[in-house]
Amino acid sequence: MTKFAFPSHPLLLGFEPLERLVERTARAGAEGYPPFNIELAEPNRFVITLAVAGFALADIAVTLEDRQLVIHGQQDDPEPERVFLHRGIATRQFRRVFALAEGVEVSGAHMDNGLLQITLERCEPETVVRTIPITRG
């Protein structure tokens with residue numbers, strides 16, 4: 001019996017990077033901080049909302065790296081002269097990575113009341129039909 005291996009199927013040519021993307025995304029999805037929502041705002045518009053309470057705008061970086069949306073947050077430790085009787089609010093860093101499909105672009109980012117919202121737009125590619133000439137050999 002033949003086992004189906006996704007990228008090695010004879011009818012799927014050039015999809016090897018997709019397997020690596022799925023593996024990388026599965027590893028990155030295990031982290032739970034910060035919590036986030038993904039909404040479908042319109043048929044071709046998505047909004048990712050991250051709960052980043054306590055982070056200032058200067059503490060957060062949003063970048064696009066090779067079709068990956070990377071959101072990184074890092075806070076400085078409180079001043080050493082501060083004395084905490086109880087410390088339940090940690091200052092910690094985070095890194096969230098979202099893989100974006102071809103044609104999905106980041107259209108903006110907005111932070112309000114501890115919620116970072118990143119808007120994504122999907123552009124519908126136009127269908128191109130091309131005839132390939134056949135030569136004699």
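**Fold, strand pairing and aromatic pairs**

Of the 137 residues in the protein chain, 20% are buried (under 20% relative accessible area, with over 50% counted as exposed and values in between as partly exposed; 1.4 Å probe, protein chains only). The structure is a predicted model, in which local features need a pLDDT of at least 70 and side-chain atom pairs count only at pLDDT 80 or more, while totals for chains, interfaces and linings use all residues. Residues are numbered from 1 along each chain as its sequence is written, and side-chain values use heavy atoms, with hydrogens and water left out.

The mean pLDDT of the protein chain is 84, and 80% of the residues score at least 70 (pLDDT is the predictor's confidence in each residue, from 0 to 100). The protein chain contains one helix and seven strands (DSSP runs numbered from the N terminus: H or I of at least four residues for helices, E of at least two for strands). Their order along the sequence is α-β-β-β-β-β-β-β. Among these elements, the lowest mean pLDDT, 65, belongs to helix 1 (residues 16-28), and the highest, 97, to strand 7. Of the contacts with a separation of 6 or more, 51% are between residues 24 or more positions apart (a contact means heavy atoms within 4.5 Å).

Strand 7 (residues 115-122) is joined to strand 2 (residues 45-51) by seven bridges, and the two run antiparallel (strands pair if DSSP finds at least two bridges between them). Strand 7 also pairs with strand 6 (residues 104-112), in the antiparallel sense and over eight bridges. In that pairing, glycine 108 has threonine 119 in strand 7 as its bridge partner. Strands 6 and 7 form a hairpin with two residues between them, and asparagine 113 in the turn has a positive phi of about 55 degrees.

Threonine 49 lies in strand 2 and stands opposite glutamine 117 in strand 7. The side chains of threonine 49 and glutamine 117 are joined by a polar contact of 3.5 Å (a pair of N or O atoms within 3.5 Å; within protein, one must be able to donate a hydrogen and the other to accept it, and residues adjacent in sequence count only if both atoms are side-chain atoms). Threonine 49 counts as buried because its relative accessibility is 8%. Residues up to four places away in sequence aside, threonine 49 touches Pro35, Phe36, Asn37, Glu39, Leu115, Leu116 and Gln117.

Three aromatic pairs are counted (rings of Phe, Tyr and Trp, the last by its six-membered ring, with centres within 6.5 Å; planes under 30 degrees apart are stacked, over 60 edge-to-face and the rest tilted). Tyrosine 33 and phenylalanine 94 form an edge-to-face pair, at 6.1 Å centre to centre and 85 degrees between the planes. Tyrosine 33 lies in the loop between helix 1 and strand 1 (36-42) and phenylalanine 94 in strand 5 (residues 94-99), so this pair ties together parts 61 residues apart in sequence. Tyrosine 33 is partly exposed at 25% relative accessible area, whereas phenylalanine 94 is buried at 3%. Phenylalanine 36 and phenylalanine 98 form an edge-to-face pair, at 5.2 Å centre to centre and 85 degrees between the planes. Because phenylalanine 36 lies in strand 1 and phenylalanine 98 in strand 5, the pair ties together parts 62 residues apart in sequence. Phenylalanine 36 is partly exposed at 33% relative accessibility, and phenylalanine 98 is buried at 11%. Ring pairs also link Tyr33, Phe55 and Phe94 into a cluster.
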